[in-house]
Amino acid sequence: MANSLVSIQIIPKTKDGEDVIPYIDEAIAIIDQAGVRYQVNPLETTIEGELSKLLTVIEKMNERMTELGCPSVISQVKIFYQPTGASMDKLTEKYR
C-alpha cells in the first residue's frame, strides 16, 4: 500500500530559453517508467507510492534535465505522508 502522495512541479532552465514542454514530457516519462501511479495536472504532477521510491523518481527527473543540457532545475515538491496509507482517490473522493 502506498504511504505517500507527492506533487512535483519541475522547472528546468533551458540552455537557450527554448520551450520547456519537451523537457516536461521527458520528466513525465521518468515517472511513467518508474511504474508508480500518477496524475498529470495543469501545474504539477501527483505521484503515489512509497516515499523513498517517489523521492528517487524525483532525483531521476532532475538528473534527466541536466543530461538534456539544462544548467539548473527547480523542483517544487509537496509531500503528503501517512504511514497507514495514502491514496489520490481517497483524498479527493468527495469531489468526484
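Visitor: Which residue in β4 does Ile11 stand opposite?

Guide: This is a predicted model, in which local features need pLDDT of at least 70, side-chain atom pairs count only at pLDDT 80 or more, and totals for chains, interfaces and linings use all residues. Residues are numbered from 1 along each chain as its sequence is written, and side-chain values use heavy atoms, with hydrogens and water left out. Strand β1 (residues 4-13) and β4 pair in the antiparallel sense over 10 bridges, where strands are DSSP runs (E, at least two residues), helices are runs of H or I with at least four, both are numbered from the N terminus, and two strands pair if DSSP finds at least two bridges between them. In β4, the residue opposite Ile11 is Ile74.

Visitor: What is the order of the 4 strands in the open sheet?

Guide: β2 (37-40) and β4 (72-81) each have a single partner strand and stand at the edges, so one side of each is left without a neighbour in the sheet. From one strand to the next the twist averages 20°, angles running from 0 to 180 degrees between N-to-C directions, with axes as lines fitted to C-alpha atoms, for helices over the stretch in contact. With antiparallel pairing, the order of this open sheet is β2-β3-β1-β4.

Visitor: How many residues form the hairpin that joins β2 to β3?

Guide: β2 and β3 run antiparallel and are joined by 4 bridges, and Tyr38 stands opposite Ile47 in β3. The hairpin from β2 to β3 passes through 4 residues.

Visitor: Is Thr45 buried or exposed?

Guide: Thr45 lies in strand β3, and it touches Val6, Ser7, Ile8, Ile28, Ile31, Tyr38, Gln39 and Val40, not counting residues up to four places away in sequence; contact here means heavy atoms within 4.5 Å. Buried means under 20% relative accessible area, exposed over 50%, and partly exposed in between, with a 1.4 Å probe and protein chains only. Because its relative accessibility is 7%, Thr45 counts as buried.

Visitor: At what angle do helix α1 and helix α2 pack?

Guide: Tyr23, Glu26, Ala27, Ile30, Ile31 and Ala34 in α1 meet Lys53, Val57, Lys60, Met61, Arg64 and Met65 in α2. By class, this contact has 8 nonpolar, no polar and 4 charged residues, where Ala, Val, Leu, Ile, Met, Phe, Trp, Tyr, Cys and Pro count as nonpolar, Asp, Glu, Lys and Arg as charged, and the others, Gly among them, as polar. The axes of α1 (residues 21-34) and α2 (residues 51-67) are 9 Å apart, and the packing angle is about 145°.

Visitor: Which element gives the most to the largest nonpolar core?

Guide: The largest nonpolar core has 15 residues, and those with the most contacts inside it are Ile31, Ile47, Met61 and Met65; such a core is a set of buried Ala, Val, Leu, Ile, Met, Phe, Trp, Tyr and Cys residues joined through side-chain atoms within 4.5 Å. The elements giving two or more residues to this core are β1, α1 and α2. With 5 residues, the element that gives the most is α2.

Visitor: What is the relative accessible area of Cys70?

Guide: Cys70 is found in the loop between α2 and β4. Leaving aside neighbours within four places in sequence, Cys70 is in contact with Pro12, Lys13, Thr14, Tyr23 and Met65. Cys70 is buried, its relative accessible area being 4%.
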